[in-house]
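Here is a friendly note for a colleague who is opening this structure for the first time. Please keep the sequence and the 3D view side by side while you read the numbered points.

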Amino acid sequence: MAKERILIVEDEEDIAELLEYNLQRQGFEAEAVGSGEEGLELTRQMEPDLLILDLMLPGLSGLEVCRALKSDPERSRIPVIMLTAKGEEEDIIAGFEAGADDYVTKPFQPRILVARVKAVLQRGPARKPQEDGVTEFENLVIHAGRHEVTAGGHKVELTRTEFRILEFLASRPGWVFTRGQIVRAVHGDDYPVTGRSVDVQVAAVRRKLGDAGALVQTVRGVGYKMGE
Ligand code: CA
């Protein structure tokens, strides 16, 4: 089996080397470059399976690199794990909005980062509903066409917005979505809904789902995800 290829974009050489070493030791092919420009160039040549991207880079910033990658149809599927400074929640939110798939804060334990790399690689593409428009999630069943949800076999009464939030989160299990992304996905860009009202609606969804409500997880300071 071919080794999975990881591209590291990080201008701090000691961190880049640490990552390269640990990923190679875990059986990955890993290569590091020191700028966003080189990183974008190499994503064309190397076709990596995953990108580890520092946000603070000289020249093109990590966010700009992420946006460029995610807006290119040929490369938008390459998952991105961003490296951010600890406690910079705005960076984390901006990273997710630029299309990043996960993040790790500095300083980090190499084994934690390797575990995140493996988890992101295992997620695979978005979960497609079955042909009849049904998405199953443990004991939770979402019928897209009928706008109907059952949990443990019991029908759950959700409002239209609650349903759309649940359907959106369930379409990509494990993916973290910011409140801003949820608002846009559910209402379109121009709807005057705040992040706070997303919190209220998610709380209502959880309550109505009963035990299955635990599937809707809070990512502190960032947003929400569906967990297994
Ligand atoms: Ca840096």
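1. Between which helix and which strand is the place of Arg75? Please keep in mind that the model is predicted. Arg75 sits in the loop that runs between α3 (62-70) and β4 (80-85). Its relative accessible area is 8%, which is under 20%, so Arg75 counts as buried. Leaving aside residues up to four places away in sequence, Arg75 touches Leu40, Thr43, Arg44 and Leu69.

2. Next, please turn to a pair of helices. Two packed helices are described by the angle between their axes and the distance between the axes. For helix α1 (residues 13-25) and helix α5 (residues 110-123), the axes come within 10 Å and cross at roughly 60°. The two helices α1 and α5 are therefore oblique to each other, and their crossing is right-handed.

3. Which residues meet where α1 and α5 are in contact? From α1 come Leu18, Leu19, Asn22 and Leu23, and from α5 come Pro110, Leu113, Val114 and Val117. By type, the residues of this contact of α1 with α5 are seven nonpolar and one polar, with no charged residue.

4. Glu12 counts as partly exposed, at 35% relative accessibility. Met56 has a relative accessible area of 66%, which is over 50%, so Met56 counts as exposed.

5. Is Leu169 buried or exposed? You will find Leu169 in helix α6 (residues 160-170), and with a relative accessible area of 1% this residue is buried. Apart from residues up to four places away in sequence, Leu169 touches Phe177, Ile182, Val216, Tyr224, Lys225 and Met226. As for Gly153, it is 16 residues from Leu169 in sequence and 20 Å away in space, C-alpha to C-alpha.

6. The remaining points concern the backbone. Most residues other than glycine have a negative phi, and most peptide bonds are trans. Where is there a cis peptide bond? Lys106 and Pro107 are joined by one, with omega about -5°. Pro107 lies in the loop between β5 (102-106) and α5.

7. Glu47 is in the loop between α2 (36-46) and β3, and its relative accessible area of 54% makes Glu47 exposed.

8. Finally, which loop holds Glu138? Its place is the loop between β6 (134-137) and β7 (140-143). Glu138 has a positive phi of about 50°, although it is not a glycine. With a relative accessible area of 54%, Glu138 is exposed.

Notes: Residues are numbered from 1 along each chain as its sequence is written. This is a predicted model: local features need pLDDT of at least 70, side-chain atom pairs count only at pLDDT 80 or more; totals for chains, interfaces and linings use all residues. Side-chain values use heavy atoms; hydrogens and water are left out. Helices (H or I, at least four residues) and strands (E, at least two) are DSSP runs, numbered from the N terminus. Buried means under 20% relative accessible area, exposed over 50%, partly exposed in between (1.4 Å probe, protein chains only). Contact means heavy atoms within 4.5 Å. Axes are lines fitted to C-alpha atoms, for helices over the stretch in contact, and angles run from 0 to 180 degrees between N-to-C directions. Angles under 35 degrees count as roughly parallel, over 145 as roughly antiparallel, 65 to 115 as roughly perpendicular and the rest as oblique. A crossing is left-handed if the near helix is turned anticlockwise from the far one by less than a right angle, and right-handed if clockwise. Ala, Val, Leu, Ile, Met, Phe, Trp, Tyr, Cys and Pro count as nonpolar, Asp, Glu, Lys and Arg as charged, and the others, Gly among them, as polar.
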